[in-house]
Every structure is written in C-alpha cells, then in structure tokens.
Amino acid sequence: MAVEKIPSEDIVNKKFDQATANLLVKAGLGLSIGVVASALLFKRRMWPVTFFTGAGVGAAYADAQRIFDSVGTLGRPATKPTEESTNNA
C-alpha cells in the first residue's frame, strides 16, 4: 500500500483558507457585538465598534499563528534540549 503524499502547497492553502475564514467570522462577530453595544450602551459612539472589531481580528491573528506554527504543543513553544537537561537524565 502506497501512502499518497499531499503537496506542500495544498497544506499551506488549507491552513490559509482556515485562517481567512476564521478572520472573517471573528471580525464579523466583533463588529456585530460592537454595533449592538454602541447602540444600546454607549449612546452610538464609534469606539465600541472599533474595539470589538479589533478584538476579533486579534483573536483571529492569534489563531492563525497557532494554525501555521504547528510545532508548539498546547500553547507551549518547542524548545531544544540543553546540555544541562541531557546531562541530568
């Protein structure tokens, strides 16, 4: 049985599509929450719309970093073993 190899371009395209969809959803949710908060709580000011949209974009950016940097596990950066840790073992 031969295992099919997936071209690296397809892997990057899939990650980029996921990150873009994530950005659109989170920025849209932030925008809508900002509009509702602005209309109901803040006398139709602009800053809640900007704040919540920015928070959505920031969350999507953090997710995109996690999607593209799949080396880290559970939010922990991958580190190389040092001489001290290999000598103690």
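Colleague: Among contacts in the protein chain between residues at least 6 apart in sequence, what percentage join residues at least 24 apart?
Modeller: Keep in mind that this is a predicted model. Take the contacts in the protein chain whose partners are at least 6 apart in sequence, then pick out those with partners at least 24 apart; that share is 55%.

Colleague: How many helices and how many strands does the chain have?
Modeller: Walk along from the N terminus and the elements read α-α-α. So the secondary structure, with helices and strands taken as DSSP runs, comes to 3 helices and 0 strands.

Colleague: What share of the protein chain's residues count as buried?
Modeller: The cut-off for buried is under 20% relative accessible area. The chain has 89 residues, and the share that count as buried is 16%.

Colleague: How far apart are the end C-alpha atoms of helix H1, and what should the helix span?
Modeller: Helix H1 covers residues 8–40, which makes 33 residues.

Colleague: Which helix do the buried residues of H1 pack against?
Modeller: The buried residues of H1 are Ala19, Asn22, Ala27, Gly30, Gly34, Ala37 and Ser38. Their packing partner is the helix spanning 47–68, that is, helix H2.

Colleague: Is asparagine 22 buried or exposed?
Modeller: Asparagine 22 is found in helix H1. Buried means under 20% relative accessible area, and asparagine 22 has 19%, so it counts as buried.

Colleague: Which side chain makes a polar contact with the side chain of asparagine 22?
Modeller: Leaving aside neighbours within four places in sequence, asparagine 22 is in contact with Ala60, Asp63 and Ile67. The polar contact between side chains, at 3.3 Å, is with aspartate 63.

Colleague: What do lysine 26 and aspartate 63 form?
Modeller: In general, side chains of opposite charge can pair when their charged atoms come close. In this pair the closest N and O atoms are 2.4 Å apart, and lysine 26 and aspartate 63 form a salt bridge.

Colleague: How many residues apart in sequence are the parts that lysine 26 and aspartate 63 tie together?
Modeller: Lysine 26 is partly exposed, at 27% relative accessible area, whereas aspartate 63 is buried at 13%. Lysine 26 lies in helix H1 and aspartate 63 in helix H2, so the separation of the parts they tie together is 37 residues.

Colleague: Which residues do salt bridges that share partners join into one network?
Modeller: A search of the whole structure finds 2 salt bridges. Arginine 66, exposed at 56% relative accessibility, forms a salt bridge with aspartate 63, with the closest N and O atoms 2.9 Å apart. Arginine 66 and aspartate 63 both lie in helix H2, about one turn of the helix apart. The one network, joined through shared partners, is made of Lys26, Asp63 and Arg66.

Colleague: Leaving aside neighbours within four places in sequence, which residues is phenylalanine 52 in contact with?
Modeller: Phenylalanine 52 is found in helix H2 and counts as partly exposed, at 27% relative accessibility. With neighbours within four places in sequence set aside, the contacts of phenylalanine 52 are Gly30, Ile33, Gly34 and Ala37.

Colleague: Which residues form a nonpolar patch on the surface?
Modeller: One of them is valine 12, which sits in helix H1 and counts as partly exposed at 46% relative accessibility. The patch has about 300 Å² of accessible area together, and its members are Val12, Phe16 and Phe68.

Notes
Residues are numbered from 1 along each chain as its sequence is written. This is a predicted model: local features need pLDDT of at least 70, side-chain atom pairs count only at pLDDT 80 or more; totals for chains, interfaces and linings use all residues. Side-chain values use heavy atoms; hydrogens and water are left out. Helices (H or I, at least four residues) and strands (E, at least two) are DSSP runs, numbered from the N terminus. The expected span of a helix is 1.5 Å times one less than its number of residues. Buried means under 20% relative accessible area, exposed over 50%, partly exposed in between (1.4 Å probe, protein chains only). Contact means heavy atoms within 4.5 Å. A polar contact is a pair of N or O atoms within 3.5 Å; within protein, one must be able to donate a hydrogen and the other to accept it, and residues adjacent in sequence count only if both atoms are side-chain atoms. Patches are made of residues with over 30% relative accessible area and no salt bridge: like charges are joined within 9 Å, nonpolar side chains (Val, Leu, Ile, Met, Phe, Trp, Tyr) within 5 Å. Accessible areas come from the Shrake-Rupley method with a 1.4 Å probe; for residues, only the protein chains shown count as cover. A salt bridge is a side-chain nitrogen of Lys or Arg within 4 Å of a carboxyl oxygen of Asp or Glu.
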